[in-house]
Amino acid sequence: MLHEPIPNLKKLVEPDRVHRLAYTDPEIFELEIKNIFEKIWVYCGHESQVKKPGDYQTLTIGRQPMVMIRGKDMKVRVLYNRCPHRGVELCGALKGNAGEALTCSYHSWRFHLDGKIESIPLMKGYDGTRMNVDNPDCSMRAAARVDSYRGFVFASLSPDGPPLPEFLGEAKIAFDDMCDRAPEGEVEVVPYCHRVIQHSNWKFFMENQLDALHPSVTHQSTGVAAAWVEREIKQKTGEAPPLYYHYLSAFTMSFDKWDSVQTLNYPRGHGILKGYMGLRPDDPDTNAYVAKMYEAYGKEKAEKFLSRDIHHVLVYPYLSVQSPLQQIRVLRPIAPNKTLSEIWHFRLKGAPEAIYRRSLWYYNLVNSPATMINADDLENWTKGQWGLESSGMDWVSFHRDHGRDQENADGSIYSNSGTSEAVMRSQFKAWTEYLAGDK
Ligand code: FES
Ligand SMILES: [Fe+2]
């Protein structure tokens, strides 16, 4: 623990290094929950997760148990998942349908799907008290703000702060890129996700997503094995190997190649890793999909959508979007050394089934906790957490390419090398501002 009252953030964050306590200290973590996660716009889910009235999905925002639920008026709301009577959780499952109303399992208070009280058994017991159906304290409380962008629902527990489009800023492209790749301009959630508990601070994940130096080291064994198989298929059949081998072999690109990939880092901590994975093999499935895109948008627009130079978009501090393959990873921090990650993927509406299969392969081969890729990363982050919890050394180094970034007038920082630690420096700049209450 720090020996002086926190937050003395200046002592923790320097332009080129960060004190290990930023990853380990429980008081810092509490401040993150209060000043970041329970204030900013947090991703709740996709509108297609709650298609019908009564459909709900439970989630946490910071430490708050919430429920995203569709009302009879078809509006999607985000409510505190807590009975106004004596606190019992109202929706007990991860997802489901509440039917006509939400009913508390303890004393059967019932709530309309918009959270308003519907009925209380033996209401006469409240005669003469201040509890009555007109008292808002009898109804479920709603998140202060709810908004959506292209079907992706966000909520903020604070009435103050920037509106959602401003918060997302440059990172809006993640959702545009995902939806624009659908001939119908929309995506639909695949209703089950992987849930993984990471035994590490949430910042390890966020730093790792745009860390272009690590893939060819951390994922070498998987990448090299996939490249061998690719070569063998080519030699034996003369045919191009299936695209999904490329998902793995791409990790073993040379350092120089990774270094040539650019990162764009924005003032709110959001970031974009450029570099296109080359998802346009000349095969019948891809060609059928491209034809559908041309039909929907015209050739010029469709080509613009299909050739966007994006690999990864980060919505700081909790969302990683791989829009070309319709994958989203959401972090829900639990403790300084414990983070829940949800790994979701989506279908492009109007695209051939084979294109969905392609994103499913990526989901299962790269992002699933059962694959070597995700497992390699998880191991690094756990070992990193152990190291930072030790007293071996106090500082975490972000010196790579410090002083050589392109700093723009709008506060964004463009790295001049893919492996620059500008990503982490930019994230910590935003982090310091959030914790100091400046954002
Ligand atoms: S706690 Fe919900 S009805 Fe009593
Ligand atoms: Fe990785």
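This is a predicted model: local features need pLDDT of at least 70, side-chain atom pairs count only at pLDDT 80 or more; totals for chains, interfaces and linings use all residues.
Reader: What makes Q326 buried rather than exposed?

Author: Count its neighbours. Q326 has 29 other C-beta atoms within 10 Å. The label "buried" needs 20 or more. The count meets that cut-off, so Q326 is buried. Q326 sits in the loop between β18 and β19 (327-335).

Reader: Why is D401 called partly exposed?

Author: D401 has 17 C-beta neighbours inside 10 Å. Buried takes 20 or more, and exposed takes 12 or fewer. The count of 17 falls in between, so D401 counts as partly exposed. D401 is in a loop too, between β21 (395-397) and β22 (406-407).

Reader: What makes the phi values of Q326 and D401 worth a remark?

Author: Most residues other than glycine have a negative phi. Phi of Q326 is near 55°, which is positive, and Q326 is not a glycine. Phi of D401 is near 65°, again positive in a residue other than glycine.

Reader: What kind of peptide bond joins Y316 and P317?

Author: A cis bond, with omega about 10°. Most peptide bonds are trans. P317 lies in the loop between β17 (312-315) and β18 (319-322).

Reader: How do you know that the length of helix α13 agrees with its residue count?

Author: Compare two spans. Helix α13 covers residues 372-389, which is 18 residues.

Reader: What makes E433 partly exposed?

Author: E433 has 16 other C-beta atoms within 10 Å. That is between the limits of 12 and 20, so E433 is partly exposed. E433 belongs to helix α14 (residues 422-435). Leaving out residues up to four places away in sequence, E433 touches D438 and K439.

Reader: How far is E433 from I310?

Author: In sequence, 123 residues separate E433 and I310. In space, their C-alpha atoms are 27 Å apart.

Reader: What makes β8 and β10 edge strands?

Author: Look at the order of the open sheet. The 3 strands run β8-β9-β10, with antiparallel pairing. Both β8 (102-103) and β10 (117-119) pair on one side only, and they are the edge strands.

Reader: How do you know that β8 and β9 pair?

Author: Count the bridges. A pair needs at least two. β8 and β9 (residues 110-111) have 2 bridges, so they count as paired, in the antiparallel sense. In β9, F111 is the bridge partner of L102.

Reader: Which domains does the chain have, and where are they?

Author: The domain assignment gives domain 1 (42-149) and domain 2 (170-212 + 261-435). Their C-alpha centres lie 32 Å apart. The contact takes 7 residues from domain 1 and 9 residues from domain 2. On the domain 1 side, strand β3 (residues 42-46) gives the most, with 3 residues. By class, that side has 3 nonpolar, 4 polar and no charged residues.

Methods: Residues are numbered from 1 along each chain as its sequence is written. Chains are lettered from A and ligands numbered from 1 in the order in which they are written. Helices (H or I, at least four residues) and strands (E, at least two) are DSSP runs, numbered from the N terminus. Domain bounds come from an automatic or database domain assignment. Two residues are in contact if their C-beta atoms, placed from the backbone, lie within 7 Å. Ala, Val, Leu, Ile, Met, Phe, Trp, Tyr, Cys and Pro count as nonpolar, Asp, Glu, Lys and Arg as charged, and the others, Gly among them, as polar. The expected span of a helix is 1.5 Å times one less than its number of residues.
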